[in-house]
Amino acid sequence: IYFIEGGSGCIQAIDVGDGVEAMVQVDDLHGTNTLDLVVSTSSGNIVTLESNAVPYHPLNVWNNGEVRTRTNGFAHGYSASQGIFFHQVTRQYRDILGVYVPVTFEIFDNRPGILSEPNRRKYNVEIRAGTSGKRTVLRKTYDSPGVYTERFYISFGPGFYSLMIRLQTTHGLVYEDVIHLGYNVRYMNGFGLLLWLPLVIAAVPILFFGRKEWSWQEDEYGDDDEGSRGLGILGRLPTTSSSSNNHA
């Protein structure tokens, strides 16, 4: 593998021990916020080369084969005049538990004189749960570049999804970016909360406000009351004088 620096023309070679016939792919595989090289050799081995030289950016990756992405691959890149990409806060894998999915993305357009031509600032954006146009979950048109946050509902049920954001300009150029997330994969955890939370809320007033104050003196036998003196659990006990008269 040969590395060529465009500014100085310096060439550096790395021997991976086998022939390389496939296109070298570039992405952040180790989560270090830098770009890694993925090399596939002719014998079927896959080698990753990690470097801290180039910082990660969605527009710097090359992970779709010989072209950068499925459509219009040669127009993508960090040096492109326009495009779209998900922000870092959205790129982190998440397991969404709820109805709506929030995403943050940025539309940029660095074409000369674009600010003075509003008719060219039409950006048709689609977010798909996959790559098919039949699985579009959001479709919207924007009239200016910038950072946007949208919330949408995925009607295809719980599961793991690859969300693809797609931008089409007035010239027909297409730019894409992809993230991965889980949508209500552990939704059974929410059912347990819905079951126990109402019971706990209903039990709290009963425990704190439904308690009666009482004393052991109310159930004490043989108190000073004349009417209840000498009473046991079976009634009044016979006296000594009554027993003597009956015997006589």
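Are Phe85 and Phe108 buried or exposed? Phe85 is buried, and Phe108 is buried as well. Buried stands for a relative accessible area under 20%, exposed for one over 50%, and partly exposed for what lies in between, with a 1.4 Å probe and protein chains only.

## Basis of the model

This is a predicted model, in which local features need pLDDT of at least 70 and side-chain atom pairs count only at pLDDT 80 or more, while totals for chains, interfaces and linings use all residues. Residues are numbered from 1 along each chain as its sequence is written, and side-chain values use heavy atoms, with hydrogens and water left out.

## The chain as a whole

The chain contains three helices and 15 strands. Both are DSSP runs numbered from the N terminus: helices (H or I) have at least four residues and strands (E) at least two. Of the 248 residues in the chain, 29% are buried.

The accessible surface of the chain is about 16,900 Å², and carbon and sulfur atoms hold 56% of this area. Such areas come from the Shrake-Rupley method with a 1.4 Å probe, and for residues only the protein chains shown count as cover. Among contacts (heavy atoms within 4.5 Å) with a separation of 6 or more, 49% are between residues 24 or more positions apart.

## Aromatic pairs

Rings of Phe, Tyr and Trp (its six-membered ring) pair if their centres lie within 6.5 Å; planes under 30 degrees apart count as stacked, over 60 as edge-to-face and the rest as tilted. The count by this rule is five aromatic pairs. In one of these pairs, the ring centres of Phe85 and Phe108 are 6.2 Å apart and the planes stand at 50°, so the pair is tilted. Phe85 belongs to strand E6 (residues 82-86) and Phe108 to strand E8 (residues 100-109), so the pair ties together parts that are 23 residues apart in sequence.

The rings of Tyr142 and Tyr148 are also a tilted pair, because their centres are 4.5 Å apart and their planes are at 45°. Tyr142 is buried at a relative accessible area of 4%, and Tyr148 counts as buried at 19%. Phe105, Tyr142 and Tyr148 are linked into a cluster by ring pairs.

A charge also sits over a ring: Arg135 lies over the face of Phe156, 4.2 Å from the ring centre. The rule asks for NZ of Lys or CZ of Arg within 6 Å of the ring centre and within 35 degrees of the ring normal.

## Nonpolar cores

A nonpolar core is a set of buried Ala, Val, Leu, Ile, Met, Phe, Trp, Tyr and Cys residues joined through side-chain atoms within 4.5 Å. In soluble globular proteins, nonpolar side chains tend to be buried together. The largest core here has 26 residues, of which Val101, Phe105, Ile107, Phe152 and Leu163 touch the most other members. Elements giving two or more residues to this core include E6, E8, strand E9 (123-129), strand E10 (136-142) and strand E12 (159-168).

Beyond its neighbours within four places in sequence, Leu163 is in contact with residues including Phe86, Val101, Phe152, Asp177 and Leu181. Another core, of six residues, lies apart from the largest one, and Val26, Leu37, Val61 and Trp62 are among its members.

Arg91 is located in helix H1 (residues 88-91) and counts as buried at 19% relative accessibility. The side chains of Arg91 and Tyr56 are joined by a polar contact of 3.0 Å. A polar contact is a pair of N or O atoms within 3.5 Å; within protein, one must be able to donate a hydrogen and the other to accept it, and residues adjacent in sequence count only if both atoms are side-chain atoms.

Pro58 is in the loop between strand E5 (46-55) and E6, and is buried with a relative accessible area of 12%. Pro58 and Asp27 are 31 residues apart along the chain, with their C-alpha atoms separated by 8.7 Å.

## Two asparagines with positive phi

Asn33 has a positive phi of about 65° although it is not a glycine. Asn33 is in the loop between strand E3 (25-27) and E4, and is partly exposed at 44% relative accessibility.

Asn184, also not a glycine, has a positive phi of about 55°. Asn184 sits in the loop between E13 and helix H2 (188-209), and is buried with a relative accessible area of 12%.
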